Structure formats: C-alpha cells, structure tokens
Amino acid sequence: MTDQPLAVVAGPDEHGLGEELAACGVAISRIEGLVTADALAEAGIADAAYFVLTDVEEATGIPVAKEKNPEVRIVTYATRSLPEFVATVADLAVDPELLDAATVAEELLADDDTGDAKLDDDADPDDDTNA
C-alpha cells in the first residue's frame, strides 16, 4: 500500500483537475457515469482523501460519499452551483472560470500539509525549536 493520497473524481474532467492532482502525487480513481454507492465503493471512497465532483447533476453522490467516509474532503469543480440540499456538505466549491485546475490542486494539497511533523524520524527530541 502506498502513502499516496487518493482522489475519487466523478464526472467529466474537462478542465483536468484529476490530472493536476496526479501531477502533485495524488492517486486518481475515476467514476464514469452515475455516482452511486456501489460506484463510490468500487472507486475506493472509503480510503479517499478527496471526492472531486465535476458534474453537479451527480450532487446526490456527495452525502453518500460523506456517509461512506466522513473524513473525505468534498470538492466541486464546476461552473454551475450546487443544489441547496448539498451546498453545505461540500468543503470547497470552485468555478473553473475563476481558478485553474493547477491552482486548485496545489491549494488542496497545501491545505492538507498539516501534521507532517510526525513523519520526520530524524528530528532531535531535545530540539524544541519546532515546538
């Protein structure tokens, strides 16, 4: 198993957010067609760090994704607004006309760079400069 985060991308990715996330080291699993509980499970939503939705017509998949993985970060990348019933569930809603895919990918990963200190096995326990 890899330490690489996983993003489940659902919908047509015409702006290339999936590719930009992959370029930043994120594993990508795609859902083509309807975003159902079975499709989410097959795509690996239980282990995903991100659920990226590019088709707001499939917004009913958002609460299902959160039910399967309460920690998943919900990102919509679409020109249309989310329906009201899921708008508060999404963590981030971005219009591709306002921010390009590369910027969104970089910002998503930058936001998740907290807590990396535990990965530094060479840190001196007596050095409290990072405390």
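Author: Start with a definition. A patch is made of residues with over 30% relative accessible area and no salt bridge, and like charges are joined within 9 Å. Keep in mind that this is a predicted model.

Reader: Which residues gather in a patch of negative charge on the surface?

Author: Four residues do: E20, D100, E106 and E107.

Reader: Now salt bridges. How many does the structure hold?

Author: First the idea: a side-chain nitrogen of Lys or Arg lies within 4 Å of a carboxyl oxygen of Asp or Glu. The structure holds four salt bridges.

Reader: Which side chain meets R30 at 3.3 Å, N to O?

Author: That is D13, in a salt bridge with R30. R30 lies in strand β2, and D13 in the loop between β1 (6-10) and α1 (17-23), so the pair ties together parts 17 residues apart in sequence.

Reader: What does E19 form with R30?

Author: A salt bridge, with the closest N and O atoms 3.2 Å apart. E19 lies in helix α1 and R30 in strand β2, so this pair ties together parts 11 residues apart in sequence. E19 counts as partly exposed, at 46% relative accessibility.

Reader: Which residues are linked in a network of salt bridges?

Author: D13, E19 and R30 are linked this way.

Reader: Which residue meets D91 in a salt bridge?

Author: K66 does, and the N to O distance is 3.7 Å. D91 lies in the loop between α4 (84-87) and β5, while K66 lies in helix α3 (residues 61-68), so the pair ties together parts 25 residues apart in sequence. D91 is partly exposed, with a relative accessible area of 41%.

Reader: One more contact. What does the side chain of S29 reach?

Author: A polar contact is a pair of N or O atoms within 3.5 Å. Here the S29 side chain reaches the backbone oxygen of A43 at 2.9 Å. S29 is found in strand β2 (residues 27-31).

Reader: Is S29 buried or exposed?

Author: Its relative accessibility is 17%, so S29 counts as buried.

Key: Residues are numbered from 1 along each chain as its sequence is written. This is a predicted model: local features need pLDDT of at least 70, side-chain atom pairs count only at pLDDT 80 or more; totals for chains, interfaces and linings use all residues. Side-chain values use heavy atoms; hydrogens and water are left out. Patches are made of residues with over 30% relative accessible area and no salt bridge: like charges are joined within 9 Å, nonpolar side chains (Val, Leu, Ile, Met, Phe, Trp, Tyr) within 5 Å. Accessible areas come from the Shrake-Rupley method with a 1.4 Å probe; for residues, only the protein chains shown count as cover. Lys and Arg count as positive and Asp and Glu as negative; His and the chain ends are not counted. The place of a charge is taken as NZ of Lys, CZ of Arg, CG of Asp or CD of Glu. Helices (H or I, at least four residues) and strands (E, at least two) are DSSP runs, numbered from the N terminus. Buried means under 20% relative accessible area, exposed over 50%, partly exposed in between (1.4 Å probe, protein chains only). A polar contact is a pair of N or O atoms within 3.5 Å; within protein, one must be able to donate a hydrogen and the other to accept it, and residues adjacent in sequence count only if both atoms are side-chain atoms.
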